[in-house]
Amino acid sequence: MKSTLTSKPPEVRRFQKVNEILDNFGNNPARLIAILQSVQEEYRYLPEPVLSYIATSLSVPRARVFGVATFYAHFSLEPKGKYIIRVCDGTACHVNRSQSLLDLIEKRLKLNNKKSTTDDMLFTLEKVSCLGACGLAPVVVINDRVYGQVNTDKLGQVLDGILLEEERRGTGEIE
Amino acid sequence: MTAVNLVEIAEKARQRIAGINYRVLICAGTGCIASGSKAVYEEFIRLTGAIPGIDAVVMTDDGCGSGVCDGGTGGPKSNGAVKSKEATSIFGTAVVSKTGCHGLCQKGPLVTVQPLAAGAEEIFYCHVTAEDVTEIVGEWIRSGNPVERLLYRDPNNGHTFRNSREIPFYTKQKRISLVDCGHIEPESIDEYIMRGGYAAAWRVITQMAPAQVCDEVAASGLRGRGGAGFSTGKKWQFALAVKGDIKYIVCNGDEGDPGAFMDRSIMEGDPHRVLEGAIIAAFASGASHGYFYIRSEYPLALERMQKAIDGARKAGLLGKGLFGSSFNFECEVVEGAGAFVCGEETALLASIEGQRGMPRPKPPFPAQSGLFGKPTVVNNVETLATVRDVIERGAAEFKKHGTPQSPGTKTFALTGRILNTGLIEVPLGTTLNEIVYEIGGGIPDGRNFKAVQIGGPSGGCLGAEHINMPLDFENLAQVGAMVGSGGIVVLDDTTCIVEVARFFMEFTQHESCGKCIPCREGTKQMLAILQDIVDGKSQPGDLELLEETAKVVKTASLCALGKTAPNPVISTLKLFRSEYLAHIDRRYCPAGVCVALKTYTIDPSLCNGCHRCSMKCPVGAIEGEKREAHRIDVTKCTKCGICASLCKFEAIAAV
């Protein structure tokens, strides 16, 4: 317990936002998943001290909160990158060679099975099961934008575009 | 509370659109949005000054509804529309509408130009970009003709079609739950009511007893469209018979099967139809509260379903004393958090309760003890979307489609190696041949049909020998497949069947919740064996071990996820055993997919000995004199494929 108390990142020391979320859901343990979704939207991941705080506030065991947070694929206990690249590997995308897209991204961004976020916190790569846009297979979703009938050339261009934009942002050329 | 007057709402909506000359329907389903339909929508409004959506049409003072828009937030006056005189005279008053999915996602963005005058012909455009809008509008003003190059072209014979109804993809279908998808604005409750919506709910609540509704639906033979195919009417009867102070109705929109997207399309394209089904189901089973559990991968479905609920509540179609009766009903949307197992009903209920989504043994069935321990009916999205039709036309009419055991229609998501991918709805009992060749247009690139995978990770494969088998619940179960949620993935001869089986096993293994040992450990072992086979590390006896493990997992698992997980393996073993054996005995992948089993060879008649490959081979496995055919030493080759990608003469191939 001691270590979590001392290693809290500064942004999670204040639980005011968490309190607001908890109040919105009436401190109801049955709404735990919705609470965690809102918290993740706020912090972009689920910081461990926040999970403990939620458990205390809802008067449920910490194990219950951590159990839910680690059970569902959408919750992440690790910070994610600015751009979340979700490559669909549902059946239709799989038979239309989505693996080649995953290979390309892993090679370009130097990611692998164990490392899904780039060191500069710009990209997180996720292989997801089905996004329900099978008519456009293979599909890649970057943040909220859906790209359909993607091939390695098209994906390469999209990545180039993002990197260029980030570079220009870095030099202050654009906001 | 005063009762809702549906007739009045419909009449007002009808008056409002009476002055409209043209309607442009632009598909705004997830597929078409990804292809850029939003820009097309905006360009139509900018160019023609058309009114954005029928709810933005306002009545003029004389009450004739000539549909002059006063702007609002997105109206033509406020967005500085370039509305030429010609455009105004030709179009008169035009409305541009965002619709749900037409089903033909691959050809998107889809645009339908619909003259509302009697006898006029509507025109259906494919692959429309914002740049094309000028041409569509211009051509229309000049000649009244459609833009030929944007019409649907039959991929096999090049024939073009003006009207979507004539396209073979649509002519062979029978659309009941999808009937209005792509033809109405999903966000307009008025349009839904104008087209007869909520009349079935009104009739049920004001003129029938709950038991009568259950009986009617039971008599129709409607079976759950989510997988297991249990009688919907019977499910409601069970819940009705159980005593309880509060009962729930849950709509299962956790469509997790990879390769299925009909529930998403219905929720995005016609959400009020699903909501009306839920109201009827609630009345019939005695429920007073409803939940729509929708997976978070479907943001648009979540948004439209929420809007539909808000709209219905505002109109007085949710709340206390519906239609002046004593029946109360409220409902809400719950967002999933990414767990396939939550499609299983008891796991789904646990998830709504804020728990880990783990299934529990049945009985007690949810109808006896479900959400928060109360009697609960869990129905799939498509099932609820079918209910309105059953009530409207009656059980006898409903049974006219489909087979005696499996009446009605079923939506299928047709994907994979096929020309027309998309969403279809056909009577149950339609053959695979009709689906793949007549609706789907056959296999692209001149390849051969190999199999279809139906029902996702719980389903199985059907091969060429099943091509004329009528698809219904019984026939599919008999050959070890299942209707499941209705994903049909077409596989051609470039697909390795063992790799497909491995793919599904990897999926179910990953999604196994870990509660029961047969599923948790069994799927892991099955995956390990399949991985060995595609990696060329299998041993004799592996197939027998695989079959034995499959049997245990199928028999002993707790829920349907585990019980059906071995299906893809069992059914492919039955149909394509020789392909498995080729991998094991000869270390050979007939489809040429499994990398570990590939052998790279150089065709001496094409190789001119340029040295390009031998210089780049990382392990020095290629030898040969300059200007003479080279050879690959298979004992050194690591099958990296660099040589094949470098060869300019296509002399190197993996077989």
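Start by selecting domain 1 (9-165) and domain 2 (197-398) of chain B, whose centres, taken over C-alpha atoms, lie 34 Å apart; the bounds come from an automatic or database domain assignment. Between them, 5 residues of domain 1 of chain B meet 6 residues of domain 2 of chain B, where a contact means C-beta atoms, placed from the backbone, within 7 Å. Colour the domain 1 side by class and you will find 1 nonpolar, 4 polar and no charged residues. In this scheme Ala, Val, Leu, Ile, Met, Phe, Trp, Tyr, Cys and Pro are nonpolar, Asp, Glu, Lys and Arg are charged, and the others, Gly among them, are polar.

A word on what is on your screen: this is a predicted model, in which local features need pLDDT of at least 70 and side-chain atom pairs count only at pLDDT 80 or more, while totals for chains, interfaces and linings use all residues. Residues are numbered from 1 along each chain as its sequence is written, and chains are lettered from A and ligands numbered from 1 in the order in which they are written.

Now show the whole of chain B. Its C-alpha trace spans about 90 × 70 × 40 Å along the principal axes, and the chain holds 25 helices and 20 strands. These are DSSP runs (helices H or I, at least four residues; strands E, at least two), numbered from the N terminus. Of the contacts in chain B with a separation of 6 or more, 72% join residues 24 or more positions apart.

Next, go to chain A and pick out its open sheet, four strands in the order β2-β1-β3-β4 with mixed pairing; strands pair if DSSP finds at least two bridges between them. Because β2 (123-128) and β4 (145-147) of chain A stand at the edges with a single partner strand each, one side of each has no neighbour in the sheet. Zoom in on β1 (residues 83-88) and β3 (residues 140-142) of chain A, which run antiparallel and share 3 bridges. One place to look is A:Val87, whose bridge partner in β3(A) is A:Val140.

Finally, which side of chain A touches chain B, and how many residues take part? Select the 30 residues of chain A and the 40 residues of chain B in this contact. On chain A, α4 (32-43), α6 (62-71), α7 (91-95) and β4 each supply at least two residues. Highlight α7(A), which gives the most, with 4 residues. By class, the chain A side has 19 nonpolar, 10 polar and 1 charged residues.

Terms used: Two residues are in contact if their C-beta atoms, placed from the backbone, lie within 7 Å.
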